Amino acid sequence: MLFRRTDAKRDHFERLSESVFPSLFGTALRLTRDREEASDLTQEAIIRAYEAFDRFDGRNFNAWILRILTNLYINRYRQRKREAGKESLDAEHAAEPMADEGISPDRVLLDEMVGAEVEQALALVPPDFRMAVILSDIEGLTYEEIADATQVPIGTVRSRLARGRAILRRALLQYAQERGYIRAGDVE
Amino acid sequence: MKEQELINDLVSGELPPERVPEVQAMLESNPSLRDELQSMQTVRGLLAKQCQPMPNPELWSQCRSRLDAIDGTRRVEGFVGRWQYGLAAGLLCVLLGVGLIQRNGLAGRGVSAGDIPALMSSAPAFGSGRSATVAPPDQLNLRRANLQLLAAFEGRHQGRSFRLYDVQDQLGVMRLVEMPGHSKIEGMTRSFDGRYLTGTVTNMPCVAWTEDDRVFMLMGGRDPLQLESAADLLRQR
């Protein structure tokens, strides 16, 4: 009886986890920008999720496990910050313009970009902003879910998301310019 | 700042319905805000299109192995947790059983060379010449060994039965101890050829062997090799 219950739980967890695993690893890789660290983070998130699976409310597994992964990432990040004692990870200090005034619509220009270029541009966004952008625009989490995952108020999520998108857009346009998709004057 | 956050809310699909008319009015009156909206939608669309999930079957396999390890540990913990009282009772029974066995002298049914002096102290003195009242065992051939039975004694010591035989050949008197129901001898050293165990009992050389679920010990004031020769003759049928 005990074994059957454990096996059923394991099967259920594996089915859910396997379906979100590529997304989970992708998020870990985009957050850490290091394959080994991402693998470690993903494994840890899976283990933690399995151990806490009894507390899963049965609604959105992807959001639930992403919250675990994000929490782990933030905790490691904070720990590393304490150890390093110098690198500021507070995204609020990463001052970037909200948007370039007078910038032209860039849909056509950016459509030329490929995945690797987008990933590289995303990597340039400061960590807290990047986290908000990844969870919202790639993983499709709501503000509330992002606030829950990153342990900040919804107002901070809105602000980080707006800033993160603006920084990302800027980085994308810079990449497009460097790759010759657009000329320097096109975006000014 | 406020306007741009509202635009982002709209792009994210998080703009409250009651604020939609307000944002629409802002967009109609402000062309740069419309460009901002279009840019944000483009960025969002680009991320959704280009940043795909990243399959990693090898890592998934590693995760499954770790889950297996967790399940294994949980099963053991669950079993122990469920049967803890049973296991404790079982262990207690085993301990009690071992204690009882040791107390009753049944553990391994072994004889220690150190037990023999105490055992002999309850018997008549060595070579006292008491007449034989107990027949020697079938396993031993006194006649072939040219041994004369001088005396025999049967008794019990600490719950163990034993027999003593004083026998004599041309070299002198020897004492033979027989302990039925035992199959192990402790506290003695195996002889060179491995056929006997040798040692000293009450300052006399002694050779011992087991046969038909009984222990024999032959001791006397002579060389151990001579004792072994006498034992060889005794054991020939």
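Guide: Helices (H or I, at least four residues) and strands (E, at least two) are DSSP runs, numbered from the N terminus. This is a predicted model, in which local features need pLDDT of at least 70, side-chain atom pairs count only at pLDDT 80 or more, and totals for chains, interfaces and linings use all residues. Residues are numbered from 1 along each chain as its sequence is written, while chains are lettered from A and ligands numbered from 1 in the order in which they are written.

Visitor: In which helix is the place of Ala230(B)?

Guide: Ala230(B) sits in helix 7 of chain B, which covers residues 224-235.

Visitor: Why does Ala230(B) count as buried?

Guide: A residue is buried if 20 or more other C-beta atoms, placed from the backbone, lie within 10 Å of its own; Ala230(B) counts as buried because it has 22 C-beta neighbours inside 10 Å.

Visitor: Which residues does Ala230(B) touch, not counting residues up to four places away in sequence?

Guide: Contact requires C-beta atoms, placed from the backbone, within 7 Å, and on that basis Ala230(B) touches Ala145(B), Asp169(B), Met174(B) and Leu218(B).

Visitor: What is the strand order of the open sheet in chain B?

Guide: Strands pair if DSSP finds at least two bridges between them, and here seven strands form an open, antiparallel sheet in the order 2-3-4-9-8-7-6. Its edge strands, each pairing on one side only, are strand 2 (148-157) and strand 6 (189-190) of chain B.

Visitor: How many bridges join strand 6 to strand 7 of chain B?

Guide: Two bridges join these antiparallel strands, and Thr189(B) has Thr198(B), in strand 7 of chain B, as its bridge partner.

How values were computed. A residue is buried if 20 or more other C-beta atoms lie within 10 Å of its own, exposed if 12 or fewer, and partly exposed in between; C-beta atoms are placed from the backbone. Two residues are in contact if their C-beta atoms, placed from the backbone, lie within 7 Å.
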